[in-house]
Amino acid sequence: MTRLNRSTSDIWRRPPGCPVASHDEIQVWRMNLDRPAAEVQEMRGVLSEDETARAARFVFDRHRARFIVGRASLRKILGLYVGLAPRRLEFGYGWRGKPFLKKGSDGDRLRFNLSHSGELGLLAVIKAREIGVDVERIRQVKEHLRLAGRYFAPGEVAAIQALPGEVHYEAFFNCWTRKEAYIKALGAGLACPLDGFEVSLTPGAPAAMLRIDDNPVAPSEWFMRALTPGRGFVGAVALKGRGYRVTCWEWRAR
């Protein structure tokens, strides 16, 4: 089982037994998706028929197991918020495929977003606010500057080029996760061009929305926060509004 690094600026605490969502607190859950085979088998039992079918379509066992753990953990965590058994939760999907809890309990006011990269998953939860979260393992990317030039805004490409080469990949994935978090909060998917807005990306600097092409005032209306979920990973959370606090919790399957 992979050990997640704890020497990061985010402190990943043990969560309460019955978490309560609020309008001004972003609750981010970190989960290790590499679990023993016995746990994976137990978690499979809380999935819906549709989720089980999706799991079966994975070619590689590791990817299948991580999907099962991620979806089962999502169900178990959200079940704690709404007071329902994980198996009883029903999901709907927005026009861009973003899942939501169907009405019938407090779940219709709960908003969440799940992201994963490798063995690590992040789930962001808040009340009555559309939210986006993203996580990526920092890794070498072939022709990263060419890719940045194709997908990122010109100011972002220039910012990466101005940095020392040894932090290029971290800056690249800072940019990527912040853009993904914003797009997921919008629920826009690929309909939102990645070069149509600009985010900060310098390692160690605060995450921020810098520019949105079609609305010069909009950047000040968005909250964006960098996450440090583990050694070799970067993450980000984004949603509209200001003044949110962020709480980071470590999920341990129960």
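## Nonpolar cores

In this predicted model, the largest nonpolar core holds 28 residues. Six of them touch the most other members: Phe152, Tyr182, Phe197, Met209, Ile212 and Met224. Two helices, H5 (154-161) and H6 (168-186), each supply at least two residues of this core. So do four strands: S7 (197-199), S8 (209-212), S9 (222-227) and S10 (233-240). H6 gives the most, with eight residues.

In soluble globular proteins, nonpolar side chains tend to be buried together.

## Contacts of Tyr182

Which residues does Tyr182 touch, not counting residues up to four places away in sequence? The list is Cys192, Phe197, Met209, Ile212, Trp222, Met224 and Ala238. Among these partners, Phe197, Met209, Ile212 and Met224 stand with Tyr182 in the group that touches the most other core members.

## Overall fold and dimensions

The protein has six helices and 11 strands. Its radius of gyration is 18 Å, close to the 18 Å that the globule rule gives for 254 residues, so the protein is as compact as a globular protein of that length. Along the principal axes, the C-alpha atoms fill a box of roughly 50 × 35 × 35 Å.

Take the contacts between residues at least 6 apart in sequence. Of these, 62% join residues at least 24 apart.

## Surface and charge

The accessible surface comes to about 12600 Å². Carbon and sulfur atoms account for 53% of that area. There are 41 positive and 28 negative side chains. The centres of the two sets lie 4 Å apart.

## Two loop residues

Ser48 sits in the loop between helix H1 (37-44) and helix H2 (49-56). Is Ser48 buried or exposed? Ser48 counts as buried, because its relative accessibility is 18% and the cut-off is under 20%. Beyond its neighbours within four places in sequence, Ser48 is in contact with Arg75 and Arg87.

Val59 lies in the loop between H2 and helix H3 (61-82). Its relative accessibility is 69%, so Val59 counts as exposed; the threshold there is over 50%. Val59 and Tyr81 are 22 residues apart along the chain. Their C-alpha atoms are separated by 33 Å.

Technical notes:
Residues are numbered from 1 along each chain as its sequence is written. This is a predicted model: local features need pLDDT of at least 70, side-chain atom pairs count only at pLDDT 80 or more; totals for chains, interfaces and linings use all residues. Side-chain values use heavy atoms; hydrogens and water are left out. Buried means under 20% relative accessible area, exposed over 50%, partly exposed in between (1.4 Å probe, protein chains only). Contact means heavy atoms within 4.5 Å. A nonpolar core is a set of buried Ala, Val, Leu, Ile, Met, Phe, Trp, Tyr and Cys residues joined through side-chain atoms within 4.5 Å. The radius of gyration is taken over C-alpha atoms; the globule rule is 2.2 Å times the number of residues to the power 0.38. Accessible areas come from the Shrake-Rupley method with a 1.4 Å probe; for residues, only the protein chains shown count as cover. Lys and Arg count as positive and Asp and Glu as negative; His and the chain ends are not counted. The place of a charge is taken as NZ of Lys, CZ of Arg, CG of Asp or CD of Glu.
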